[in-house]
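Reader: I have a structure to go through for class. Can you take me through it in plain words?
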Amino acid sequence: MSASGTVYLLHFDRPYKHARHYIGWTPGDLNRRLRQHRNGTGARLLQVITAAGIDFVVARVWNGGRNLERSLKNRGGASRSCPLCGVIPRVTGWEPVDHDHPAPAETTTPDAITLVDATCACNRITTVVAALLATASFTCGDCHQPVVPLTRDVQGEHHALTV
């Protein structure tokens, strides 16, 4: 039951009743699972928010199996794990802080979460965590084309970056 895969945290653009997040797991391709959610063939909650016109972004991912997913869900309060809600994720593997000889500030805290606008071939603009967009490939649920970051020119108009 603890097969490896990817556990992911989705952050909704606006709350649906009490729900603001969704934690899920996929044994395979995360992009494929996100397409299922966007097409309304994934989890029931995501079918409902999609029908209500609520969009979502991937806020965080973990390597792990269904046991990790269940553990995170049982813990409750997904906003306590969400960088988009102001939480700074704990980075494992760091040495404990020596209060007598503190390390420089830039090595004791992770980088701030940066959001970027991104688009695809159908020109749908979505907001994505910059670090995720830089390390993973995302495809649009409608046109199935890659999602690429946008820049703004001096007039404030969006332009897709070429990869």
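Author: Helices (H or I, at least four residues) and strands (E, at least two) are DSSP runs, numbered from the N terminus. This is a predicted model: local features need pLDDT of at least 70, side-chain atom pairs count only at pLDDT 80 or more, and totals for chains, interfaces and linings use all residues. Residues are numbered from 1 along each chain as its sequence is written, and side-chain values use heavy atoms, with hydrogens and water left out.

Reader: OK. Where does Thr139 lie?
Author: Thr139 sits in the loop between helix H5 (130-135) and strand S6 (148-152). With 27% relative accessibility, Thr139 counts as partly exposed. Buried means under 20% relative accessible area, exposed over 50%, and partly exposed in between (1.4 Å probe, protein chains only).

Reader: And which residues does Thr139 touch?
Author: Not counting residues up to four places away in sequence, Thr139 touches Asn31, Arg35, His144, Gln145, Pro146 and Val147. Contact here means heavy atoms within 4.5 Å. The C-alpha atoms of Thr139 and Cys120 are separated by 7.6 Å, with the two residues 19 apart along the chain.

Reader: New topic. Which residues are buried in helix H2?
Author: In H2 (residues 44-51), Leu46, Val48 and Ile49 are buried. Seen down the axis of H2, its buried residues fall within an arc of 155 degrees, so they line one face of the helix. That arc is taken from the directions from the helix axis to the C-beta atoms.

Reader: What covers the buried residues of H2?
Author: The cover includes strand S1 (6-16), strand S2 (19-26), helix H1 (30-39) and strand S3 (56-63). On the face of H2 turned away from its buried side are the exposed residues Arg44 and Ala51. Just after H2, Gly53 has a positive phi of about 80 degrees.

Reader: How many disulfides are there?
Author: The count is 0, where a disulfide is a pair of cysteine sulfur atoms within 2.5 Å. The sulfur of Cys85 is 3.8 Å from the closest cysteine sulfur, in Cys82, too far for a bond. Cys82 counts as buried, at 0% relative accessibility, and Cys85 as partly exposed, at 38%.

Reader: Last one. Where in the chain is confidence lowest, and where is it highest?
Author: Confidence is lowest in helix H4 (residues 105-108), at a mean of 41, and highest in S2, at 92. The score is pLDDT, the predictor's confidence in each residue, from 0 to 100. For the chain, the mean pLDDT is 75, and 66% of residues reach 70 or more. Over residues 103-111 pLDDT stays under 50, and the model has 8 contacts for them beyond four places in sequence.
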